[in-house]
Amino acid sequence: MSNFGGNDEKVDPVLRQMIQEEQVKAQFQAQVHNFTDKCWDTCVADSRLGNKLDYRTEACLQNCVERFLDTTISVTNRFTQLLQRGATGGMH
Amino acid sequence: MDFGSPPAGGSGVNRDELMDQVKSQIAIANAQELLQKMSDKCFKKCVTKPGTSLDNSEQKCIAMCMDRYMDAWNIVSRTYSTRLQRERGKL
């Protein structure tokens with residue numbers, strides 16, 4: 001993406017906007033791949049495969065995604081606190 | 001690919017062509033990622049004792065596993081998208 005940084009004024013702003021939108025979509029999909037990978041192992045890998053995912057498995061997948069995101073938020077918040085404490089009091 | 005140079009003549013054609021290329025490259029990368037994940041997961045799930053060839057039941061298991069993996073992908077995608085919207089609403 002080095003071409004984005006240097007000569008901003010030369011890049012067609014509409015094109016830049018369009019590419020940014022595609023990047024956001026691609027990032028979303030990359031995250032979905034990542035979550036599906038993790039949550040498949042948690043919710044599906046050890047159960048019997050049927051003609052559709054049963055209600056329980058579906059709920060497990062939903063909870064898995066939600067709790068993973070909660071965890072990310074929680075870790076981020078606590079890490080920020082630790083950094084702030086470190087900045088004022090010295091980190092151990 | 002050089003995103004830095006403005007489109008020749010300033011027409012919108014180059015822009016659309018470029019965007020089509022960007023989109024199809026992303027779509028290809030996305031499909032490759034999905035293929036790789038499904039092969040990985042379904043091999044683990046269906047080929048627990050590799051023999052001299054994939055037998056019938058393994059083939060069936062792989063087909064089923066692929067379908068369920070795509071179901072799971074769609075559920076995860078929906079859940080994540082809903083959550084993103086909810087988080088944006090909080091701001």
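User: Which side chain of chain A meets B:Lys41 in a salt bridge?

Analyst: First, a heads-up: this is a predicted model, where local features need pLDDT of at least 70, side-chain atom pairs count only at pLDDT 80 or more, and totals for chains, interfaces and linings use all residues. Residues are numbered from 1 along each chain as its sequence is written, chains are lettered from A and ligands numbered from 1 in the order written, and side-chain values use heavy atoms, leaving out hydrogens and water. A salt bridge here is a side-chain nitrogen of Lys or Arg within 4 Å of a carboxyl oxygen of Asp or Glu. At 2.9 Å, N to O, the partner of B:Lys41 is A:Asp41.

User: How many salt bridges does the rule find across the interface of chain A and chain B?

Analyst: The pair B:Lys41 and A:Asp41 is a salt bridge. Across the interface of chain A and chain B, the count is seven.

User: Is A:His33 buried or exposed?

Analyst: Buried means under 20% relative accessible area, exposed over 50%, and partly exposed in between (1.4 Å probe, protein chains only). A:His33 sits at 3% relative accessibility, so it counts as buried.

User: Which residues of chain B is A:His33 in contact with?

Analyst: Contact means heavy atoms within 4.5 Å. Leaving aside neighbours within four places in sequence, A:His33 touches B:Asn30, B:Glu33, B:Leu34, B:Lys37, B:Tyr69 and B:Trp73.

User: How many residues of chain B are in contact with chain A?

Analyst: Zoom out to the two whole chains. On the chain A side, 39 residues take part, and on the chain B side the number is 36.
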